[in-house]
Amino acid sequence: MQEEARYLKRRVKGGSIDAHPTEKAIVVNYELEAVILGPLGEPMLGERKECQKVIRLQSLNSTTNIAKLAAEVIEKCKLIHPSKLPEVEQLLYYLQNRKDTGKTKGKEKGDSLRNAAADFEGTELDEQANINDIEEYVELLYEELPEKIRGTALILQLSRNPDNLEELAGNEPVLGALSRVLREDWKKSTELTTNIVYVFFCFSSFSQFHSIIIHYKIGAMCMQVMDSEIKRYEQWSAELEKKKNSDNRKDYERSFKKFLGLVKKQEQLLRVLSYLLLNLAEDAKVEMKMKNKGIVSMLVQLLERDNVDLLILVVSFLKKLSIFMENKAEMAECGILEKLANLIPHSNEDLLNIALRLLLNLSFDTDLRAKAVKAGILPKLVQLVSNEIHSVVVLCILYHISMDDRFKSMFTYTDCIPIMMQMMLECPGDRIDLELIALAINLAANKRNAQLICEGPGLKLLMRRAFKFNDPLLLKMIRNISQHEGPTKAQFVEYIGDLANAVQKCPDEEFVLESLGILGNLTVADVNFQQLLTDYDMLNYIKTKLNPGVAEDDLVLEVVILIGTVSLDDECATVFAREGIIQMLIDLLNAKQEDDEVVLQIVYVFYQMIFHKATREVIVKQTQAPAYLIDLMHDKNTEIRKVCDQTLDIIMEYDEEWAKKIQAEKFRWHNSQWLEMIENKVVMEDNDSLMYGDDSFMDGDPLDRPDLFYGHPGYDDPVTLMSREGAMTPEYMMEDPGEFGMFNGESYLNPAGHPVSQYAMGQYEGYPDDGVGYFNAGEGAMGSWGHLIDDEPGKAPYGPPQGQISRPSSRYGRPVSPGYSEAYGAEVMEPETDMYGRPVSRMRSSYEDTQFGYR
């Protein structure tokens, strides 16, 4: 060996020194050069290598003498030249004053291996482990239990150093012996189990070693151990409860102290088990296996523990699992929200933050949100809104809760509204934080919340900020406030001029849209709508936007809503009729007939205008609006049908010609199956004179045969017609008056509960008995209904009758009706026209040829 050494020459060259990024240590960089010399001393082969040496300073603290420690470092480390003493002192001073990052909440996996088991009792030995003695440590695993504990503790010392993991991973006898001892002896000693599991946890901190853990089936073994420890804890708790209820107080106190010691050791083991399984769950397939073995229920049970470090790991694991619906359902069954409510709020900020993030994941589910509110989490969350650390997460959870109308009113019993208002008004910058304004928009949809927002100068301050920064989202919140009836709506009257100016001049389309929405909601008596149309030139603006293709659908919808609101005023309705707005609405109805929302609001405009004499004349006499309403009378949208029915009923009282058409169409609709049956029988039994006689029964339209109405000819017979639509079928007419019949002209009754026609006009004050049709010439004149249509001279202008329907609520955006969804993306075809020259209706009937535009 000495002879060979003559031919090898080593040279060490010092380099830079620096502070360790995470530990209290100095890193010394140096260059090692090795040269092989020939027999005559000449260099034959050389190699250079960059190396590092880490000098750990365990004794460094706030009271350490820096100068003395620096001299000691240079004396013991020959790699640092004495001339670098000032530099060493400077690094030591930096390390002394630097905050300890080794135990921060964002621990690095490799550097956290020592800290993760710092609290474990029985795992530290006075003996220093050496990687060269690994075979001796393995031999200890074949001895009795104390030697096994000592051997695993020494191997754990080596595993906690990341530099040794690669060498240990290649040593199959070590890993095989550890897995065998864990499998055979885990029930004998918690300390032994903790040591072995922690060794494999060190490997689990690096993804490249996960295959080794899976090979030895450590994950399945860990779940078995966890399940057993949870059951053991339940057994301990039950036994302790029995002793608590007994009379022997000293025995209980002694057992309680023993219980605390056992629980402390058990929670140390559960921490390592949870951490190891959490690392292995990086692989989705492995996570699925854990789920099938019941990991979710185990973790939920561990939420009842008091150990903060254990709870942080358990909640982190549950947060990772909660992104899957199956896991969330299982968590709900295990009562996770009741247990999670005990952690909110919490003194530990890290645990509170991760618990709130878990709750945020769970709050995406409607049922879980309801359970969270039932568990009393809402007032706890409101207390955390002003906490800067948790504010964003808490606002997101509150936003999810506020999406449900059932819970909006519950915010009034908390301090959420005042806190939210203060945060919005004090928010720096042009825009309010998205999470905050989203919550405010939802809460403003509740009437009581809106009243709280408008208390004092609330509305004034919000309007001032909205117009100062042209914030459309803030104005959307204000728009939600404006939709509520009561004193809050009257507060908007003074801002009409500002809103109208914004509609005309603001370049932001979203801001204009919300301004129009607020104006459309102002259905109050104090508004001078005529001044709005003239002074602010809103009439020309409305006419411009109603032209096809000029504006987006959302803006057109808001304009139509505004027309319906302004039409409450008789003079404004007259202006609309004179300027051709009604015809423009009909053209718009043709163009947007697949958009339920636009159709609904246009029909409501017709409904409002039919109350005014000037606009009623135009609608009924000069346009085909009644024909469109007949088309929409059987629309699939319930709201559209409702408004159409009310409008057509009033038209029937005003115009007798349209009354007959409407009544015939209602009869045709309600008796379509019977009409189809009669038409088919005519075709099938054309030559059968015994059944139909010689009358050529179905020559022409069946509706032209008055005898088919089972009574006196004509439309004006109150006995034969239950309602104006004549909605009777042959099945309900019996020869035996004891079953179903009519007596002395009284209305038809159905003992079996046949529903009364929705078109019966008894709902209007002044009508005869429910179900009675028109008066005939001898019983009354059309003028008798002047209280409905404002047709009698000398009477006061017509106002909405009691029970008049209110304007249907509008949704933001453009909904797609399921019945008409096929129109989007379908091939565009040239529309056919009916007898009125209109395109065929968006409504599809079951019969083919009718005279009212049905196909």
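1. Contact here means heavy atoms within 4.5 Å. The model is predicted: local features need pLDDT of at least 70, side-chain atom pairs count only at pLDDT 80 or more, and totals for chains, interfaces and linings use all residues. Residues are numbered from 1 along each chain as its sequence is written, and side-chain values use heavy atoms, with hydrogens and water left out.

2. Met-421, Met-424 and Leu-425 of H23 touch Gly-458, Leu-461, Leu-462 and Arg-465 of H26. By class, this contact has five nonpolar residues, one polar and one charged (Ala, Val, Leu, Ile, Met, Phe, Trp, Tyr, Cys and Pro count as nonpolar, Asp, Glu, Lys and Arg as charged, the others, Gly among them, as polar).

3. The axes of H23 (residues 416-425) and H26 (residues 458-469) come within 11 Å and cross at roughly 30°. H23 is therefore roughly parallel to H26 (angles under 35 degrees).

4. For H36 (residues 596-609) and H39 (residues 638-654), the axes come within 9 Å, crossing at roughly 20°. These helices, H36 and H39, are therefore also roughly parallel to each other. From H36, the residues in contact include Val-599, Leu-600 and Val-603; from H39, they include Ile-640, Val-643 and Ile-650. The contact of H36 with H39 holds ten nonpolar, two polar and two charged residues.

5. H11 (residues 218-245) has 28 residues and spans 41 Å between its first and last C-alpha, close to the 40 Å expected at 1.5 Å a residue (1.5 Å times one less than the number of residues).

How values were computed
Helices (H or I, at least four residues) and strands (E, at least two) are DSSP runs, numbered from the N terminus. Axes are lines fitted to C-alpha atoms, for helices over the stretch in contact, and angles run from 0 to 180 degrees between N-to-C directions. Angles under 35 degrees count as roughly parallel, over 145 as roughly antiparallel, 65 to 115 as roughly perpendicular and the rest as oblique.
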